[in-house]
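The stops below follow one another; select each in turn.

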Amino acid sequence: MAANQDTQACASLLARLRPLFEQATQALAQSCAEDGVFSARRFDAQQVASYELAWASADLLAAETAIQGVGSGANALETGLALVFGVDAISSVLARTEMLFLELGLDIAPVQAFASNAAWAALRRSAGSAAALQATGRALADADGEVGGVVLDEAHAMAQDAFRRFAADVVAPQAEALHRHDLTVPESLLQPLREMGVFGLSVPERFGGHAPNDRDDTLLMVLVTEALSEASLAGAGSLITRPEILSRALMAGGTEEQKSHWLPRIAAGDPLCAIAITEPDYGSDVASLMLRGTRVEGGWRLDGAKTWCTFAGKAGLLMVVVRTDPDRSAGHRGLSLMLVEKPSDDGHAFAYRQSEAQGGGGLTGKAIATIGYRGMHSFELSFDHLFVPDSHVIGGAAGLGKGFYFTMAGMMGGRMQTAGRASGVMRAAIRAALRYTEDRKVFGAPLLDCPLTLAKLARMGARYAACQRLAYAVARTLDEGGGRMEASLVKLLACRSAEWVTREALQLHGGNGYAEESPVSRYFVDARVLSIFEGAEETLALKVIARSLLEQALADATPARAVAPVH
């Protein structure tokens with residue numbers, strides 16, 4: 001009964017907090033507008049406030065989704081985790097909202113009234129107390145870290161179970177060697193994954209994939225990714241990302257001939273794919289990319305460099321963002337997408353030279369040494385007069401100048417896939433921490449019996465459960481035609497959460513966690529990359545999430561348009 005009351009109280013408080021957040025959003029939108037129209041110049045001047053707004057939005061939506069997911073049949077663990085996250089999220093959103101009110105000159109009294117409200121204090125005493133955290137941590141330990149409050153239909157539940165078993169039986173035994181010896185993902189992993197169809201999760205059935213012909217199945221992709229990433233982020237969980245992005249880009253802009261030719265091959269995992277977007281001087285600023293494409297008879301010559309091109313050595317097909325309009329003022333409208341074929345190479349460096357009939361152009365690559373995410377390897381690439389035929393320009397002649405839009409269509413799935421990767425790493429870290437703290441004795445008693453250990457585990461489990469539930473919800477929304485901004489939002493939240501959860505898991509291991517032979521050390525260094533690729537944290541927070549919120553606020557504004565600031 002008390003848990004039900006706490007859940008209702010948390011839902012009520014979130015409902016009261018939402019208008020305060022929206023008031024701050026509306027005021028910030030007005031500060032970023034000129035004559036009621038969004039101004040990029042003014043927006044750039046409000047980066048700090050906009051960043052806080054994006055994070056507040058992520059925590060708020062995740063908490064609302066977590067609490068809404070606690071149904072009448074929820075067990076004590078599911079309810080406890082939702083409440084732990086809810087209390088922590090309200091505290092975070094409240095602090096950020098207060099900062100925004102102060103920054104924007106709004107009357108702070110409503111925020112202070114919320115902070116001093118008796119219902120908020122009562123919820124913290126009940127659901128956020130040390131006793132509540134310990135009880136939830138103990139329930140998580142008793143369940144062996146199995147957090148499964150999201151109800152799945154039979155087909156999705158069977159897929160999740162099958163891939164979790166495959167990950168445990170086939171991927172996990174090879175994961176440590178891949179990481180410690182910096183190996184390339186071997187055929188002993190790739191071939192069974194081909195047979196299970198993982199490379200065709202975003203390819204429609206009519207092209208040989210596993211997605212329905214009339215819609216996407218983003219939820220299946222997230223479930224499979226999470227299961228594989230639990231065993232190895234670089235050895236299995238991330239293999240889906242590149243075919244995911246390329247398949248969606250082809251579906252968005254490819255000609256029917258290109259779809260018919262490439263999608264069945266991508267779905268079969270032959271060739272394997274890589275995505276070449278980032279350049280040495282341009283990361284998330286896609287519109288400024290400068291790899292040059294020069295028009296020649298029958299196609300294009302590519303000259304320039306790309307970097308952080310993951311799996312470029314092993315891949316036989318690269319999706320490359322190319323500037324085909326030499327006028328730099330064209331910005332993103334001067335970009336096109338091209339498909340580059342090359343031989344597959346297992347090494348940490350490769351050199352490919354085209355035949356004299358093709359002009360003798362070349363492509364070289366060298367793997368970048370990284371602290372984690374080993375197995376797939378990210379490459380620096382140098383294009384030297386490399387010839388690409390017109391048939392390999394996505395969309396053909398009609399696709400020239402539209403590469404930015406095709407890339408963004410692909411990245412939407414990539415961000416959801418990354419949220420799934422983050423969830424898988426979190427799940428692995430939590431389960432590792434539970435096993436270690438059960439076995440480790442401190443002053444004659446299991447580390448798991450320490451109240452602080454249980455509290456840490458409760459918060460780790462709560463964050464994982466909230467991110468997982470939000471990812472599943474956004475996946476369903478995307479398949480219904482919405483959720484584009486939310487895909488970036490869940491990626492933002494899940495990736496930062498994975499960093500924190502793996503850090504806490506390593507901390508619970510003490511010195512043993514810092515040893516490279518400990519799997520939790522791999523989870524920790526692998527998780528660090530998640531907030532960087534598929535849209536860096538700052539870019540997603542500012543250019544996607546905050547900007548979307550502010551533009552929507554301006555569109556929804558009343559004739560008065562703004563909440564008047566207090567001066």
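Select histidine 385, which lies in strand E10 (residues 378-389). Helices (H or I, at least four residues) and strands (E, at least two) are DSSP runs, numbered from the N terminus. This is a predicted model, where local features need pLDDT of at least 70, side-chain atom pairs count only at pLDDT 80 or more, and totals for chains, interfaces and linings use all residues. Residues are numbered from 1 along each chain as its sequence is written, and side-chain values use heavy atoms, with hydrogens and water left out.

Stay on histidine 385 and check the backbone. Its phi is positive, about 60°, although the residue is not a glycine. Most residues other than glycine have a negative phi, and most peptide bonds are trans. Histidine 385 counts as partly exposed, at 41% relative accessibility. The classes are buried (under 20% relative accessible area), exposed (over 50%) and partly exposed in between, with a 1.4 Å probe and protein chains only.

Next, phenylalanine 443. Find it in the loop between strand E11 (441-442) and strand E12 (445-446). Is phenylalanine 443 buried or exposed? At 86% relative accessibility, phenylalanine 443 counts as exposed.

Now go to proline 271. This residue lies in the loop between helix H13 (256-267) and strand E3 (273-276). Show the peptide bond from aspartate 270 to proline 271: it is cis, with omega near 15°.

Move to threonine 7, in helix H1 (residues 2-31). Its relative accessibility is 11%, so threonine 7 counts as buried. Which residues does threonine 7 touch, leaving out those up to four places away in sequence? Select Ile67, Val70, Thr79 and Leu83. Contact means heavy atoms within 4.5 Å.

Turn to the rings. The structure holds 6 aromatic pairs. Rings of Phe, Tyr and Trp (its six-membered ring) pair if their centres lie within 6.5 Å; planes under 30 degrees apart count as stacked, over 60 as edge-to-face and the rest as tilted. One of the pairs is phenylalanine 114 with tryptophan 120, tilted, at 6.4 Å centre to centre and 45° between the planes. Both phenylalanine 114 and tryptophan 120 are buried. Then select phenylalanine 404 and tyrosine 405: their ring centres are 5.6 Å apart and their planes stand at 90°, so this pair is edge-to-face. Tyrosine 405 is partly exposed, at 42% relative accessible area.

Last stop: lysine 342. Its charged end sits over the ring of phenylalanine 350, 4.5 Å from the ring centre. The criterion is NZ of Lys or CZ of Arg within 6 Å of the ring centre and within 35 degrees of the ring normal.
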